[in-house]
Amino acid sequence: MNPDSGIGNKPIRVWDLPTRAFHWLLVVLVIFSVVTAYIGGNAMVWHMRSGFAIFTLLAFRLIWGFVGGHWSRFRAFVYAPSTSLRYLRGESLPHEHHQVGHNPLGAGSVFALLGILVLQVATGLIADDEIANTGPLIKYVSSATSALATGWHKNWGQWIIIALVVLHVSAITFYWLRKRQNLVAPMWHGDKQLAADVPAAVDNGRSRAIALAVVVVCALGVTAVVRLGG
């Protein structure tokens, strides 16, 4: 049965609460980080704190990609090139459920954004604005490495993130206007109207408790990394 046909469909949990919380917190923190970077001055203290929070979220998402709900696991949206090409030709197989979680194009966007954010956090940890703020791990790298990281963090990294966000939003708008698929609502409440044979993500008290424990461990880990700088 086509999961988008609407015939015989029912609400299926696609995005578990931890994944949804990660998504929206990341949206807020990325916007906040960009704004505080442009403000500069005293706002840089909050820019760095936001960066540490993003670091925590990214660490959580890495772990949750292996233990989270079905559609949040990396194995659910890591596609072979042949599968991606078949999707682009409109030849997806019924059991692949490309319209449920992240389709091949969406998966590429997600991995690109996560990757560039990891790089942005990493360069921020050793950056130096040559005014009043330095990354907590700057003492572990040479001045040349720090300068290179700072240049990337303030220029290329920032603009690539903005470009990817714009691309991501544009894709969501395209699916909404042209394909009549609302991708935002399921990321808000978690469910999609799908065929009964579509696997549902586990999203109960136990899984949420595990997610909270993972967040705490990640936060402690990030705190330990930050404190390495004294």
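Tutor: Start with a definition: axes are lines fitted to C-alpha atoms, for helices over the stretch in contact, and angles run from 0 to 180 degrees between N-to-C directions. Keep in mind that this is a predicted model.

Student: How is a pair of packed helices described?

Tutor: Two packed helices are described by the angle between their axes and the distance between the axes. Here, the axes of α5 and helix α6 (residues 156–177) cross at roughly 30 degrees and come within 3 Å. Angles under 35 degrees count as roughly parallel, and α5 and α6 are therefore roughly parallel to each other.

Student: Which residues of α5 and α6 meet?

Tutor: On the α5 side they are G151, W152, H153 and K154, and these meet W156, G157, Q158 and I160 in α6. By class, this contact of α5 with α6 has three nonpolar, four polar and one charged residues.

Student: At what angle do the axes of α4 and α5 cross?

Tutor: Helix α4 (residues 104–124) and helix α5 (residues 143–154) have axes that cross at roughly 135 degrees and come within 8 Å. α4 and α5 are therefore oblique to each other. The crossing in which α4 passes α5 is left-handed. In α4, the residues I116, L119, Q120, T123 and G124 meet A149, W152 and H153 in α5. By class, the contact of α4 with α5 has four nonpolar, four polar and no charged residues.

Student: What should I check along a single helix?

Tutor: Check span and burial. Helix α2 (residues 43–67) has 25 residues and reaches 36 Å from its first C-alpha to its last, close to the 36 Å expected at 1.5 Å a residue. An α-helix has 3.6 residues a turn, so residues three or four places apart point the same way. The buried residues of α2 include H47, S50, I54, L57, L58, R61 and W64.

Student: What covers the buried residues of α2?

Tutor: The cover includes α1 (17–39), α4, α5 and α8 (205–227).

Student: Is T83 buried or exposed?

Tutor: T83, in helix α3 (residues 81–88), has a relative accessible area of 13% and is buried. Leaving out residues up to four places away in sequence, T83 touches E96 and H98.

Student: How do I read a backbone phi?

Tutor: Most residues other than glycine have a negative phi. R180 is not a glycine, yet has a positive phi of about 55 degrees. R180 is found in the loop between α6 and α7 (184–189) and counts as exposed, at 69% relative accessibility.

Terms used
Residues are numbered from 1 along each chain as its sequence is written. This is a predicted model: local features need pLDDT of at least 70, side-chain atom pairs count only at pLDDT 80 or more; totals for chains, interfaces and linings use all residues. Side-chain values use heavy atoms; hydrogens and water are left out. Helices (H or I, at least four residues) and strands (E, at least two) are DSSP runs, numbered from the N terminus. Angles under 35 degrees count as roughly parallel, over 145 as roughly antiparallel, 65 to 115 as roughly perpendicular and the rest as oblique. A crossing is left-handed if the near helix is turned anticlockwise from the far one by less than a right angle, and right-handed if clockwise. Contact means heavy atoms within 4.5 Å. Ala, Val, Leu, Ile, Met, Phe, Trp, Tyr, Cys and Pro count as nonpolar, Asp, Glu, Lys and Arg as charged, and the others, Gly among them, as polar. Buried means under 20% relative accessible area, exposed over 50%, partly exposed in between (1.4 Å probe, protein chains only). The expected span of a helix is 1.5 Å times one less than its number of residues.
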